[in-house]
2 protein chains.
Amino acid sequence: MIRADHLIVGLSEVATLTSGPIPRTGPAMRKLSLIDRAAVAFDEGRFVFVGTERGARREVRVRSTGTEWDAAGAVAVPGLVDAHTHVLFAGDRHDELALKIGGASYSEIAAKGGGMYSTVEATRKASAASLLAQTDRRLARMASSGTTSLEVKSGYALTHAGELRLLELIPRIGRSLGLRVVPTFLGAHAIPREFTARADAYIDLLVRRTLPVVARRGLAAFCDVFCEPGFFSAEQSERLLSAASALGLGTKIHAEEFVVSGGAAVAARLGVRSADHLIEATETDRLALARAGVTAVLLPATPVASFTSKRSPGRELVDAGVPVALGTDLSPNSWIESMPLVLSFASYLARLTPAEALTAATVNAAHAIGLSAESGQVALGRSADLAVFDAGSVEGIGYRWGAVPVRVYRQGKLIPSR
Amino acid sequence: MIRADHLIVGLSEVATLTSGPIPRTGPAMRKLSLIDRAAVAFDEGRFVFVGTERGARREVRVRSTGTEWDAAGAVAVPGLVDAHTHVLFAGDRHDELALKIGGASYSEIAAKGGGMYSTVEATRKASAASLLAQTDRRLARMASSGTTSLEVKSGYALTHAGELRLLELIPRIGRSLGLRVVPTFLGAHAIPREFTARADAYIDLLVRRTLPVVARRGLAAFCDVFCEPGFFSAEQSERLLSAASALGLGTKIHAEEFVVSGGAAVAARLGVRSADHLIEATETDRLALARAGVTAVLLPATPVASFTSKRSPGRELVDAGVPVALGTDLSPNSWIESMPLVLSFASYLARLTPAEALTAATVNAAHAIGLSAESGQVALGRSADLAVFDAGSVEGIGYRWGAVPVRVYRQGKLIPSR
């Protein structure tokens, strides 16, 4: 008999995402591994039963202090994994929406005090308490939307001390929510104003001074860089990521978001953990990424939020054999907190099938941020992270725009609804 | 002293949407009429105080059985009004997503049992109890998203008796949630299979048999028609709407969604309450609609949900002087329940400023469905419908993709969160 502190019955379907071996070079698009008329049970924060309701009735006994919940035909998927966020910032750029609709250029907006540097200024000035409070409110909504693990990047300070301060805050965010947070060092998010026309000198600073501290103090799991004209070149990106790799950090790169920048080629050459955005990646890039086993992190809401008519090339990347993952890209430029909404964008705009999108938002996203051992699957012994939706079928989650879960469990605990 | 059963303080901003007179022919884009550091109070379901927090402290006394809530810097807008929904249906079309991504045509999908007729079949077969239960679950989520009033169309039965059955159900949906529901007769949603190549005969049936019953029994506030090649022609649409108008019903038209169909011209000629979609409307159409005072109901998520690269021409319609309203278009083809998400699509894709979008989702949407006297404004004596968001400013609601309210009040009652 299996003892459990939580038993969930009445699930019409559970996607476990456990089928097939993970290829050596990265996760492929896999079957969802559906169980019909399912039940799951957990105990002390870990799955102890995953199977049919009939099996649960035979094998599971709920502790006297435990609870049983009838999901009444709802469907369940692994707690969603958001593989790319800039959630740690102060400030707000809603004023720019009307300006952009009126046709203002980026430089006109910057001249009015807007643009990314406005949030860099706000973040630099914000107290730690204020930054944590703002960020935790976002994380609470993300959690209620079904996210149970996420990556959080630094990048809104752009100074040695400021970036270290942000990285030090990351372990403190989402703590009360029990979310699993993976820190990424993105000191190279943009060229700070203090280094205008001296990007090389800023990369020098990061390589010689900041990265060694980040690595020594274990402040980040990954180092990331924004490779794009006006930001950092392919050469500068490669120099930074090579240094990070030599210090034992994982690597990621923002590549080919606006134009062909050479970032995808750097990603393939270095074998980074993930190349993100990839909107302008060429077919050569896609094949190189596939060969190198680099995971593509797609951010399919961002082109729309950026007022472009481009779309994230999800279909093309999958067809080229690149494992794809998903993220919100939550930032002041694309303020999207809901991973289920990202599933919708992934299907309707990036043209991933619902099964591919769900794979990308769970097991593949976990791989992209180094959480494969804990997150992204409903499997015995794993952290009991589960999102339950009233959506007819697990493939119906993204079909409904921005589906809101009925319940979300994190480490076996029910996340309070808003 | 004003007695209130609810007092809300600590609002950093309230948009009342009350400024300026409503033009005779329809609502114009108006100022949001912001109140900073605001408070609102209601009593027995109606607003009794709308003003500054300082004013409320002087003038409002909360009944001993009442409650006071500190919104802690959140912002408030009128309960959102969804001016166009097909929420009353059975069935589900998520299976088509993967087929569409694979390049299947509409006729290939129909041959596999998909397409609109699959949900017509499911709706015809569904019991009243099942239809109500499914629809109420959707309405509960819509309400939690901030919607307090909505239009609901028939149109998934396409038989005389079946359409009357749907209209009879509409007053029963959302009842426990206290939502204000406006019924629209859309028997002319599509040509039923029983009338293939005999659209005129179907319009005859609706005009001679169904419409008189709808009007006599007061089953609908509006009559609507899908004017598009393959559905109903401009002539057929005009015949139906003229008959409806003669019977005292308000009129609406689905016009110019896929191609130029002549529906917008019919709308202007008849002076309908609203013309909806209008994606392919010409400049001549826009000017004619403006002159006729027809409200355009925009459904900016639908082109994306329909796998087109088109966008709803919000900017163009506003610039032509057409009053615009917003709706979700919730249907099996574009399953979107959240009006805040529609606000995002309205700005990022249809290019309405956040202020225009908020106007379109409140006071203008109320006008589009005949609820101007009750809904869409925060004003003394009106139904206390209010949506409260943690969004920095009221214009920051649509800036955040699919913002989820902190609290929603309907007729002065707190709608339970999911």
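**Exercise 1.** Which strands of chain A does helix α8 (residues 234–246) lie across, and at about what angle does α8 run to β9(A)?

*Solution.* The model is predicted: local features need pLDDT of at least 70, side-chain atom pairs count only at pLDDT 80 or more, and totals for chains, interfaces and linings use all residues. Residues are numbered from 1 along each chain as its sequence is written, and side-chain values use heavy atoms, without hydrogens and water.

Step 1. Helices (H or I, at least four residues) and strands (E, at least two) are DSSP runs, numbered from the N terminus.

Step 2. Helix α8 of chain A lies across β8, β9 and β10 (250–255).

Step 3. The angle between α8 and β9(A) is about 180°, on a scale from 0 to 180 degrees between N-to-C directions, with axes fitted to C-alpha atoms.

**Exercise 2.** Find the edge strands of the open sheet in chain A.

*Solution.* Step 1. The order is β6-β7-β8-β9-β10-β11-β12-β13, with parallel pairing; two strands pair if DSSP finds at least two bridges between them.

Step 2. β6 (80–82) and β13 (324–326) of chain A each have a single partner strand, so one side of each lacks a neighbour in the sheet.

**Exercise 3.** Is Ser274(A) buried or exposed, and which side chains make polar contacts with that of Ser274(A)?

*Solution.* Step 1. Ser274(A) belongs to strand β11 (residues 274–277) of chain A.

Step 2. Ser274(A) is buried because its relative accessibility is 0%; buried means under 20% relative accessible area (1.4 Å probe, protein chains only).

Step 3. The Ser274(A) side chain has a polar contact of 2.9 Å with that of Lys252(A) and one of 2.7 Å with that of Asp276(A). A polar contact is a pair of N or O atoms within 3.5 Å; within protein, one must be able to donate a hydrogen and the other to accept it, and residues adjacent in sequence count only if both atoms are side-chain atoms.

Definitions and conventions:
Chains lettered and ligands numbered in written order. Buried < 20%, exposed > 50% of the residue type's maximum accessible area, 1.4 Å probe, protein only. Contact = heavy atoms within 4.5 Å.
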